[in-house]
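Here are my notes on the model, point by point. Please read them with the structure open.

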Amino acid sequence: MAAFEYRQAQEIRDCFQRHGVRYLFLGKSGAILLGFPDTTQDADVFVEKTPENCAALVLALRELGFALSEAQAAEVERGKDFIQLKNGPFDLDLVLAPDGIERFSDAWRRRVEVEGFPVCHIDDIIASKAATNRQKDRESLPRLRSFREYWMRQRKS
Amino acid sequence: MDAHELKESRVGYRAVEETAIPPEWLAEFEAAARRPLETRFRYAFIHTHKPVMDDVPFRAFDTTADYRRWCEENLPDWLGYGRV
């Protein structure tokens, strides 16, 4: 599996839009979209957990080339909280109940659009990483918080 | 709990503390802001094989807590997925 590419992010954006999937880029991939210079391996998307949205998500994932069996598609449609996909053209984590963010609607209201990509606000990305409290997140948080300061200043100016 | 976590626990989701940005990080943020998004992607996304994690094509967890627990019980510590 090669590294995730900009072209593939565009494919997610365009395909999810065609199918009406409500989602937000989250995690470090979201921060990178906002301008955070760092490295990561996977793209994480926060998907709204409704039956209609999860059904649309299955159609979109299959169109993108993810080889979902009927049983796997049923798990996506049921809206399981965390799904790891490594059966498609790129790796993708589907997060339906991220730590640190109570409701999708709240994150959606605070979202930022970057070249048509819907992205969680930096505060939600930080809150999610802080709540997860993993070693790898704890190491990246000081730099992410500094980036937040920079990013907020840029938005004000 | 450090000062940032304490602040976050008081204000909910927001990380609002004003902090000074280390000069070397500021230089990196400014350099990144000058790059097109496509270039930022090329610099940001890497791929290495993560043992166990990458060994099956599909996993689904009923709850995020189940996923966190699975990571702690199954992944090597050095991957950093364990909770602090």
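1. Angles under 35 degrees count as roughly parallel, over 145 as roughly antiparallel, 65 to 115 as roughly perpendicular, and the rest as oblique. Note also that this is a predicted model.

2. Take helix 1 (residues 6-19) and helix 3 (residues 51-64) of chain A. Their axes come within 9 Å and cross at roughly 140°. Helix 1 of chain A and helix 3 of chain A are therefore oblique to each other. The crossing of these two helices of chain A is right-handed.

3. Which residues make this helix contact? From helix 1 of chain A come A:Glu11, A:Ile12, A:Cys15, A:Phe16 and A:His19. Helix 3 of chain A answers with A:Ala56, A:Leu59, A:Ala60, A:Glu63 and A:Leu64. By class, the contact of helix 1 with helix 3 of chain A holds seven nonpolar residues, one polar and two charged.

4. Next, the strands of chain A. Strand 2 (residues 43-47) and strand 4 (residues 92-95) of chain A run parallel, joined by four bridges. A:Val45 has A:Leu94 of strand 4 as its bridge partner.

5. Strand 4 of chain A is also joined to strand 3 of chain A, again by four bridges, but here the two run antiparallel. A:Leu85 stands opposite A:Leu92 of strand 4 in chain A. A hairpin of six residues connects strand 3 to strand 4 of chain A.

6. The pairing crosses the chain boundary. Strand 3 (residues 82-85) of chain A pairs with strand 1 of chain B in the antiparallel sense, over four bridges. Within strand 1 of chain B, B:Arg59 is the bridge partner of A:Gln84.

7. How many residues does each chain bring to the contact between chains? Chain A gives 48 residues and chain B gives 40 residues. On chain B, at least two residues each come from helix 1 (3-11), helix 2 (23-33), helix 3 (37-44), strand 1 (58-61) and helix 4 (64-74). Helix 2 of chain B supplies the largest share of the side that touches chain A, six residues. The side of chain B that touches chain A has 21 nonpolar, eight polar and eleven charged residues.

8. Two backbone angles deserve a look. Most residues other than glycine have a negative phi. A:Glu115 is not a glycine, yet has a positive phi of about 50°. A:Glu115 lies in the loop between strand 5 (112-114) and strand 6 (117-119) of chain A. With 13 other C-beta atoms within 10 Å, A:Glu115 is partly exposed.

9. A:Asn133 is in the loop between helix 6 (122-132) and helix 7 (135-156) of chain A. Is A:Asn133 buried or partly exposed? A:Asn133 is partly exposed, with 16 other C-beta atoms within 10 Å.

10. Last, A:Thr132, which is in helix 6 of chain A. A residue counts as buried if 20 or more other C-beta atoms lie within 10 Å of its own. A:Thr132 has 19, so A:Thr132 is partly exposed. A:Thr132 touches A:Asp99 and A:Asp137, leaving aside residues up to four places away in sequence. A:Thr132 and A:Pro98 are 34 residues apart in sequence, but 8.5 Å apart in space, C-alpha to C-alpha.

Note on methods:
Residues are numbered from 1 along each chain as its sequence is written. Chains are lettered from A and ligands numbered from 1 in the order in which they are written. This is a predicted model: local features need pLDDT of at least 70, side-chain atom pairs count only at pLDDT 80 or more; totals for chains, interfaces and linings use all residues. Two residues are in contact if their C-beta atoms, placed from the backbone, lie within 7 Å. Ala, Val, Leu, Ile, Met, Phe, Trp, Tyr, Cys and Pro count as nonpolar, Asp, Glu, Lys and Arg as charged, and the others, Gly among them, as polar. Two strands pair if DSSP finds at least two bridges between them. Axes are lines fitted to C-alpha atoms, for helices over the stretch in contact, and angles run from 0 to 180 degrees between N-to-C directions. A crossing is left-handed if the near helix is turned anticlockwise from the far one by less than a right angle, and right-handed if clockwise. A residue is buried if 20 or more other C-beta atoms lie within 10 Å of its own, exposed if 12 or fewer, and partly exposed in between; C-beta atoms are placed from the backbone.
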